[in-house]
Amino acid sequence: MPTAARDRLIAAAERLFYAEGIRAVGVERLLAESGVGRASFYRHFPGKDDLVVTVLGERLARWRADLAAAVDARGGGVPAVFDALADQLAEPGFRGCAAINAMVEAADPDSAAHRVAADHKTMLAAYLGGLAGDEELGEQLVILVDGVIVTALRDRTGAPARRAAAIAARLTR
């Protein structure tokens, strides 16, 4: 059952992990930022890794749901995915894909955080494949999405997503 302390821990962890990186944020910082005591932290999470998995799983599930809603609001279809991404990429504080960032930090593919991030990419491919009506094309479109996100870190605009929308439109004809 969620508690205020647990919710504060998750909120602080999500904000800090995304802004600064998982490894850069220690338990002491999480406790200070969330206002949660050490005993309460360990009552909710056996350790930081468990908090990371919870935060990452919740964030990525919310991201997929938000993306689907944004695509639906734009009338659906694969090009709408990239139109929706264009808006996200231009937001202040954009630091890339939380899944990619987590996989880089948790380089061990057997780690729980890496598995959560990899599962997210699998679910994204299935979603994109469903939109495209082609499972293999869904896998290819994830590569395009990932490229857009990484390129946007350099450009700091939504332009890479708009260019990718044109590519996606050609691929899905």
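**Exercise 1. What volume does the second largest pocket have, and which residues line the second largest pocket?**

*Solution.* The structure is a predicted model, in which local features need pLDDT of at least 70, side-chain atom pairs count only at pLDDT 80 or more, and totals for chains, interfaces and linings use all residues. Residues are numbered from 1 along each chain as its sequence is written, and side-chain values use heavy atoms, with hydrogens and water left out.

Step 1. The volume of the second largest pocket is about 190 Å³. A pocket is an open set of points on a 1 Å grid over the protein atoms alone where a 1.4 Å probe fits, with protein on both sides within 12 Å along at least five of seven lines; lining residues have an atom within 4 Å of a point.

Step 2. Its lining consists of I22, R23, K48, D49, D50, V52, V53, E105, A106, S111, A112 and A113. Two or more of these residues come from each of α4 and α7 (112-132), helices being DSSP runs (H or I, at least four residues) numbered from the N terminus.

Step 3. With five residues, α4 gives the most to this lining. By class, the lining holds six nonpolar residues, one polar and five charged; Ala, Val, Leu, Ile, Met, Phe, Trp, Tyr, Cys and Pro count as nonpolar, Asp, Glu, Lys and Arg as charged, and the others as polar.

**Exercise 2. Describe the lining of the largest pocket.**

*Solution.* Step 1. The largest pocket holds about 330 Å³ of space. Of its 17 lining residues, Y18, R59, W63, Q88 and G96 lie nearest the centre.

Step 2. Both α1 (4-20) and α4 supply at least two lining residues, and α4 gives the most, with five. The lining divides into eight nonpolar, four polar and five charged residues.

**Exercise 3. How are helices α4 and α6 oriented to each other?**

*Solution.* Step 1. The axes of α4 (residues 48-73) and α6 (residues 98-105) come within 10 Å and cross at roughly 150 degrees. Axes are lines fitted to C-alpha atoms over the stretch in contact, with angles from 0 to 180 degrees between N-to-C directions.

Step 2. The two helices are therefore roughly antiparallel, a term for angles over 145 degrees.

Step 3. L56, R59 and L60 of α4 meet A98, A99 and A102 of α6, contact meaning heavy atoms within 4.5 Å. Five of these residues are nonpolar, none is polar and one is charged.

**Exercise 4. Characterise the annotated span 26-45.**

*Solution.* The unreviewed UniProt entry annotates residues 26-45 as "DNA-binding region". This span is 75% helix and 0% strand, and its end C-alpha atoms lie 14 Å apart.

Key
Angles under 35 degrees count as roughly parallel, over 145 as roughly antiparallel, 65 to 115 as roughly perpendicular and the rest as oblique. UniProt positions are given in the numbering used here, feature names are shortened, and annotations may be inferred rather than shown by experiment. Grid points are joined across faces, edges and corners, and a volume is the space filled by probe spheres set on the points.
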